[in-house]
Amino acid sequence: MGHENYFFDGPNHELHQEKAVFRVRLMSDRCEASIKDHSAVTSGSTLRFAATSDITLEQGQQAVQDPNIMLTWDGALFTNLKTIYGVKSLHPLGSFRNRRVNFAWHGMKLKLDDTEYPFGHVYEIEASDFTDPVKDVQEQIRRLLATLGVSCRDSTITKFQRCLRQHAFGP
């Protein structure tokens, strides 16, 4: 499954100041807009809170072409951009393409991402729906990769942060 991710913020970096990210994701059969906040990478693991709104393919394409149109849409997510974060207009920050394969493994969901940036590809594994401590899950995944001859290291930044650094759009 592949998708394109587009990131936006206000002209005064209103979302960034609140450690929040606003993304529009275009997929082959649907689109979604989401706000993720309090996103930080610690020891290769990210914990974040997200609010998501499904939007039509047409709306997703409109949003990429004219981000401010989203501020006129109904719905809690779009209202929150204005009322909670104080966003008065939206500006593009950057984008990347992502191909993802989902699978179940040892009672959890794993997502293998191949993320395409202008500077190259980065591969990541995301785990969810597990009950073991994060460190134990990370160690299980490291052992799996080692048996396959794949080297790995913990992420120190999110895909969004990597995108901003390479595009030099970051605040």
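**Terms and values**

Colleague: Why is Glu116 called partly exposed?

Modeller: The relative accessible area of Glu116 is 33%. Buried means under 20%, exposed over 50%, and partly exposed in between (1.4 Å probe, protein chains only), so Glu116 belongs to the partly exposed class. The model is a predicted one, in which local features need pLDDT of at least 70 and side-chain atom pairs pLDDT 80 or more, while totals for chains, interfaces and linings use all residues. Residues are numbered from 1 along each chain as its sequence is written, and side-chain values use heavy atoms, without hydrogens or water.

Colleague: What makes the pair of Glu116 and Arg99 a salt bridge?

Modeller: Their closest N and O atoms are 3.6 Å apart. A salt bridge requires a side-chain nitrogen of Lys or Arg within 4 Å of a carboxyl oxygen of Asp or Glu, and the pair therefore qualifies. Glu116 is in strand S6 (residues 108–117) and Arg99 in strand S5 (residues 91–105), so distant parts of the chain, 17 residues apart, are linked. Strands (E, at least two residues) and helices (H or I, at least four) are DSSP runs, numbered from the N terminus. Arg99, with a relative accessible area of 38%, is partly exposed as well.

Colleague: How many salt bridges does the structure hold?

Modeller: There are 17. One of them joins Glu32 and Arg23, at 3.3 Å from N to O, and both of these residues are buried. Another joins Glu126 and Lys159, at 2.8 Å.

Colleague: Why is the pair of Glu126 and Lys159 said to tie parts together?

Modeller: Glu126 lies in strand S7 and Lys159 in helix H5 (residues 159–167), which places the partners 33 residues apart in sequence. Glu126 is partly exposed at 27%, whereas Lys159, at 12%, is buried. Salt bridges with shared partners also join Arg100, Asp113, Glu124, Glu126, Lys159 and Arg162 into one network.

Colleague: Why does Asp114 count as buried?

Modeller: Its relative accessibility is 13%, and Asp114 is therefore counted as buried. Asp114 is found in strand S6. Its side chain makes polar contacts with the side chains of Arg99, at 2.8 Å, and His121, at 2.7 Å. Such a contact is a pair of N or O atoms within 3.5 Å; within protein, one atom must be able to donate a hydrogen and the other to accept it, and residues adjacent in sequence count only if both atoms are side-chain atoms.
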